[in-house]
Amino acid sequence: LEPDSGFDFRGLLQTIGRKFMRGAAIFGALLIVFLTAAWISIPTDALRWRISHEARKKGFNVTIDDIHLRPWGKVKLEGVTWTLAPSRPTSTPVPFTIEELDVNVSLWRLLLLKDIDVEFEGTLDEGYIKGEYFSSDDEARMKIDVGELPLYSVPKLQDAVNAPVRGLFAMKVDLTAPGAKWAKSTGRLEVHCASCTVGDGETKLYVPNAKKTSMLSKGVTIPEIDLGTLDGVL
């Protein structure tokens, strides 16, 4: 175009730019409204029930009081309770409860690569639990760190022995499974117990898997035994 042709090319570009920016702003506002409405309408109660249902199908009696979702892949679970089957008909197992469990999911890996990459951290009544889980076509990795957990809160332990147990429990798990086949996994398992005691001189101690004909099948009363600090590595 010639400079003296009378056509305002710069003004045309500015007009197009203003209309484009106005259209982009309207589109962005509508998109935000749509995503907000969709996020608010997510059936969290149905999702909470679905998680518990899938856990029960795999043999875990898990209930969740409430669930909160965030669009960037963060999930907060409240009141996660794992109830185990009793060791004996007359026993009542102590449920394992996580007051708050924060789960971070890598959405881009899940959507683009179909890999599961999850980190979690939970707050217990006493103690903590945290870890991470990764799964792809090539391998699966799992890390779990439990610390400062009262010994009586360890799932099934108090129920199995019946006699009171005291102390602080800690556990670390680091496993890698090629091809996501856990039967071929390698890694390390650490179990620690500090200031451990068992018995109180009144409550009977039951030895798990004791034969019905043995004396231990009916339980035996023992005084409080100080086991000190126990450490195990596998």
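Let me start with a salt bridge: the side chains of Glu100 and Lys76 meet in one, at 4.0 Å from N to O. By salt bridge I mean a side-chain nitrogen of Lys or Arg within 4 Å of a carboxyl oxygen of Asp or Glu. This pair links distant parts of the chain, with Glu100 in strand 3 (residues 96–105) and Lys76 in strand 2 (residues 74–83), 24 residues apart. Helices here are DSSP runs of H or I with at least four residues, strands are runs of E with at least two, and both are numbered from the N terminus. Glu100 is partly exposed at 32% relative accessible area, and Lys76 is partly exposed too, at 27%. For those words, buried is under 20% relative accessible area, exposed is over 50%, and partly exposed is in between, using a 1.4 Å probe and protein chains only.

A quick word on what you're looking at: this is a predicted model, where local features need pLDDT of at least 70 and side-chain atom pairs count only at pLDDT 80 or more, while totals for chains, interfaces and linings use all residues. Residues are numbered from 1 along each chain as its sequence is written, and side-chain values use heavy atoms, with hydrogens and water left out.

Back to the charges. The structure holds 7 salt bridges. Another of them joins Arg166 and Glu224, whose closest N and O atoms are 3.3 Å apart. Arg166 sits in strand 7 (residues 165–178), and Glu224 is 58 residues away, in the loop between strand 10 (220–221) and strand 11 (225–233). Arg166 is partly exposed, at 41% relative accessibility.

Within it, Glu54 and Lys57 have their closest N and O atoms 3.7 Å apart. Why are these two separated by about one helical turn? Because they are 3 residues apart in helix 2 (residues 44–57). Glu54 is partly exposed at 26%, whereas Lys57 is exposed at 57%.

Now for the inside. Nonpolar side chains tend to be buried together in soluble globular proteins. In this model the largest nonpolar core has 28 residues, and Leu77, Ile98, Leu149 and Leu151 touch the most other members. A nonpolar core is a set of buried Ala, Val, Leu, Ile, Met, Phe, Trp, Tyr and Cys residues joined through side-chain atoms within 4.5 Å. Among the elements giving it two or more residues are strand 1 (61–69), strand 4 (116–124) and strand 6 (139–150). Leaving aside neighbours within four places in sequence, Leu151 is in contact (heavy atoms within 4.5 Å) with residues including Leu157, Phe169, Cys193 and our friend Arg166.

Leu77 turns up again at the largest pocket: of the 41 lining residues, Leu77, Val80, Leu101, Val103 and Phe120 lie nearest its centre. Strand 2 gives the most to that lining, with 6 residues. A pocket, on a 1 Å grid over the protein atoms alone, is an open set of points where a 1.4 Å probe fits, with protein on both sides within 12 Å along at least five of seven lines; lining residues have an atom within 4 Å of a point.

Ala180, in the loop between strand 7 and strand 8, has a positive phi near 60°. Ser195, in strand 8, also has a positive phi, about 55°, although it is not a glycine.
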